[in-house]
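Keep the structure open as you read.

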Amino acid sequence: MLTLTMAACGQQGTSTATTAPSAAPAASAAPTAAPVTRGQGGDLKILYWQPPTILNQHQATGTKDADAARLVLEPLASWNPEGKPVANGLASEIPTVANGGVSADFTTVTWKLRTGVKWSDGTAFSADDVVFTYQYMKDPKSAVTTSDYVDGIKSVVAKDANTVVVTYDKPNPFFYQFGVSGSGAILQKAQFGAFVGEKAKDAPGNLRPIGTGPYVVKDFKPGDTVLYEINPNYRDANKPFFKTVTFKGGGDAATAARAVFQTGDVDYAWNLQVEANILSPMSKASTVGELFTVYGASIERLLFNFANPDPALGDKRAEPDTKHPFLTDLAVRRALAMATDRGTMAKELYGDGLSGKSTCNLITAPPDLVSKNTDSLDVCKYDIAAANAELDKAGWVKGADGIRAKGGVKLHVLYRTTVNALRQKEQDIVKAGWKQIGVDVELASVPAGTFFTNTSPDGANHFFADVEMYTNSGDPDPTALLASGWGTENIAQKSNTWQKGNYARYSNADFDKIIADLKKETDTAKRAALVIAANDHLVKNVVIVNLINRTFATSGRAKTLKGVNPTPWDSEMWNIADWSK
Amino acid sequence: MGRYILRRLLVAIPTLIVISFIIYAVLALSPIDPLSAFGADPRVPPEVRENIRRSLGLDQPWPIRYVKWFTALIQGDLGYSFMSHSPVIGLIVQRLPNTLAVVGVAYVIGVLIALPVGMISAVKRYSLVDQVATTFAFIGFSTPTFFTGLLLIIIFSVNLHWLPFIYNSNLKIEDLGSFLQQVKQSIMPITVLGLFDAAVLTRYVRSEMLEHLPLDYVRTARSKGLRERAVILSHVLRNSLIPVVTLIALGVPAVFAGAIVTEQIFRVPGIGEMLVRAIFDGDIPVVAAVVFLFSVLVVSFNLVADVLYAVLDPRIKYT
């Protein structure tokens, strides 16, 4: 459970209109005050440069599918921009420890469902549909892309027609795992009942789902357009505002930007991955459209290997009982961190905030979990002189070739990531900095398909390299991210076929203690303090070097479009029922 | 003639079988991966990827997959898209009208422009008309469509706000208003493609005409007192058209294959756009089906071109 996004390009975030100060998330996006009536507006035009091909979040192959399905299929609840669950879905209230909906040991969650909700075909929605959805997701043969969200669940039971009890195998601090956000979209049992397991792909409902959301599919051309009209049975009599929605897919991001900023042909254009020097002036000069970015917990970072990846070790290669020849030296890690120019990276490669901003923190959202202690740390500042001094002090001496060595060990680093134009440029920036402190860097890149498997020696899990780089995203509750990433019990190694998440083979009693406390703590403020402590531990000890907080969304909307309130934890379409003009 | 056609059709069968095998082998051995859409998404862990791979039948060795695919193919079943899980034939049928409405119309317009212009250019060689036509032809086929397409968008959509550049495939032509809308949204892509087709064909028509104009039979026709119009139209043009007709016929399959770049720029949901997206997504059934149908068309239109040869040129006899 490392991330929530379908990651068309791997992103997450807190909402900040680019013009608004970042201290006021979602300020410009508050729901409209004026009352709206159902169907008062005309056609809402949404443009995605990747076209939707399937309208079922559980079978989605990308954000575009999950977003297009979100107008129809609803979860129990959604995540708001601050990372708090809100009951805008099928649940009538959010269960918490305080209201008795969540057991104090975080193992059971009792969801109270809205009464009187009808599916768009007029039949009644009930707890059975929720239980069915769980069974559908749980069956490995259904091959759902959301299966991570039913992992570790013991049972989902309908206590009565409007109550569902979710029981986890063991205490789960992220107890909203099942049912919240698009990944928890509820399917109609009547429509999908015959399509569990191998037949899941053949379900006609994948192209024309019956939902409880504000809209129903009127026409769907896979790979092209979805036309929606209002769901006559939608529970809120005043919503949605727009009578119809045209969800057009295809083309490229640059002309999509023109359509929202220059011609005003569309009201909403998704994921405008356009070079900053084109996008910035275009959006600033626009009279009709507005660019907005959403930041979450999507972090591009460097991971250091604490085990020895030397191929000469054979079977013992990078096993946790080996010790890295120089990365276990804190001085080396500190020097490498200080010689990493994340500022230049953010400015040159991420358009200075358009698609990412520099960060030294691992946890960058939700806001109350973000550490304010790291900005002042020396390891968070780019300072070549200080980095050189650090290595001099620790006894790493430059040889004739300009490479530092100590006791016969040379600072030669194998630095691996995926094949991706942006990442290769990042590698170049890092290498240039490290070269200046006498570290020899060998760059390597492998295809994403190879990097993200546990079967390849070139994969991130095996980590047969000294440094690796990729993006990680966290849930609104980062316990799982922290525990699986750096907890001793989760060290990836041969005996667990590298299936665990601690690729760095980091093991530290202090850190393990923080995680153990975090797994038990029920008080919100104390939990936040523990998360911040864990973040600071990793940053201060340079277990990782965080580089860039990547945007969850960089999209454009018409200036007249009100109510858009994007959250990094859910689909951009999560509150489309509240949109108006 | 009938026997000839029959023989050619019979030869086409093994050709197509070999083509189908090559297409499938190339796709199976290429690095395209249906799971690439999940990319670096850590939310889709290796086990889930394996489940999805199995549910798509990709756990079997590719020769077995080929035999299954081919058996279904000869029964008229093109399979299911990996992305939408809907029948590929349905996707093609859905997109063909858009491709024909844009690429097909552009081709017809291109031919209709090329014939007279090429002819006049040849007859009035080095005249002002010829110079202008030649200049345009060179501009036409030396500027890539992605450039002219974007240029038109910036002029007519962004600056002048005259024409839409997002093609609406759901527009139903019911009255004059919706017809005009269809015209408006088609003008730019048709212009881009039509100019390109016209440019290429104009050069062909012109050079063929020029080759025939000085020949003896033309002089004979003139000396027996035929009017110049009759000489050009019924003698020179007819003979010059033989290779041009072949060229036009061989260009028809390309119409059905769509225009990859132009469809992408103007968001015309046609066959070309579908093909290129399917390649990116690793949607093997779609790629295989489109490429295979394209080869069927190429083989058939080769035959059509050969038959037309015999019709246009009485000297050619097939037995």
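Start with what lies over helix 11 of chain A. Its buried residues are covered by elements that include strand 13 (298-304), strand 20 (467-473), helix 12 (509-520), helix 13 (524-540) and strand 21 (544-550) of chain A. The model is a predicted one. Helix 11 itself spans residues 479-486. Seven of its eight residues are buried, which leaves the helix mostly covered. The buried ones are A:Thr479, A:Leu481, A:Leu482, A:Ala483, A:Ser484, A:Gly485 and A:Trp486.

A:Ile544 lies in strand 21 of chain A. Is A:Ile544 buried or exposed? Its relative accessible area is 3%, so A:Ile544 is buried, the limit being under 20%. Beyond residues up to four places away in sequence, A:Ile544 touches A:Leu302, A:Leu303, A:Leu362, A:Trp486 and A:Leu538. A:Trp486 is one of the buried residues of helix 11. A:Asp428 is 116 residues from A:Ile544 in sequence, and 18 Å away in space, C-alpha to C-alpha.

Now follow the charged side chains. Over all chains, the count is 31 salt bridges. In one of them, A:Glu300 pairs with A:Arg423, with the closest N and O atoms 2.7 Å apart. A:Glu300 is in strand 13 of chain A and A:Arg423 is in helix 9 (residues 421-435) of chain A, so the pair ties together parts 123 residues apart in sequence. Both partners are covered. A:Glu300 is buried at a relative accessible area of 0%, and A:Arg423 is buried at 7%.

A:Asp477 sits in the loop between strand 20 and helix 11 of chain A, while A:Arg527 is in helix 13 of chain A. They form a salt bridge whose closest N and O atoms are 2.9 Å apart. The pair links distant parts of the chain, 50 residues apart. A:Asp477 counts as buried at 14% relative accessibility. A:Arg527 is buried too, with a relative accessible area of 10%.

How exposed are the partners in the salt bridge of A:Asp401 and A:Lys410? A:Asp401 counts as partly exposed at 44% relative accessibility. A:Lys410 is partly exposed as well, at 43%. The closest N and O atoms of this pair are 2.5 Å apart. Elsewhere, salt bridges link A:Asp236, A:Lys239 and A:Asp578 in a network.

With 13% relative accessibility, A:Glu390 counts as buried. The side chain of A:Glu390 makes a polar contact with that of A:Arg334, at 2.9 Å. Leaving aside neighbours within four places in sequence, A:Glu390 is in contact with A:Ala331, A:Arg334, A:Ala335 and A:Met338.

Next, step across to chain B. Here 40 residues of chain B are in contact with 50 residues of chain A. The area buried between the two chains is about 3,800 Å², and carbon and sulfur atoms give 57% of that area. Between chain B and chain A there are zero salt bridges. There are 11 residue pairs in polar contact, both residues at pLDDT 80 or more. On the side of chain B that touches chain A, helix 2 (46-55), helix 4 (88-123), helix 6 (145-159) and helix 11 (271-281) of chain B each give two or more residues. Helix 2 of chain B gives the most, with six residues. By class, this side of chain B has 21 nonpolar, 12 polar and seven charged residues.

Finally, look within chain B. The chain is divided into domain 1 (2-73) and domain 2 (96-312). Their centres, taken over C-alpha atoms, are 32 Å apart. The contact takes 16 residues from domain 1 of chain B and 17 residues from domain 2 of chain B. About 1,500 Å² is buried between these domains, with 81% given by carbon and sulfur atoms. The count between the domains is one salt bridge. B:Asp306 also forms a salt bridge with B:Arg8, where the closest N and O atoms are 2.5 Å apart. Helix 1 (2-29) and helix 3 (62-74) of chain B each supply at least two residues of the side of domain 1 that touches domain 2. Helix 1 of chain B has the largest share, 10 residues. That side of domain 1 has 12 nonpolar, two polar and two charged residues.

Notes: Residues numbered from 1 in each chain as written. Chains lettered and ligands numbered in written order. Predicted model: local features only at pLDDT ≥ 70, side-chain atom pairs only at ≥ 80, totals over all residues. Heavy atoms only, no water. Buried < 20%, exposed > 50% of the residue type's maximum accessible area, 1.4 Å probe, protein only. Helix = DSSP H or I, 4+ residues; strand = E, 2+ residues; numbered from the N terminus. Contact = heavy atoms within 4.5 Å. Buried area = accessible area lost by both parts, 1.4 Å probe. Salt bridge = Lys/Arg side-chain N within 4 Å of Asp/Glu carboxyl O. Polar contact = N/O pair within 3.5 Å; in protein donor to acceptor, adjacent residues only side chain to side chain. Nonpolar A, V, L, I, M, F, W, Y, C, P; charged D, E, K, R; others polar. Domains from an automatic or database assignment.
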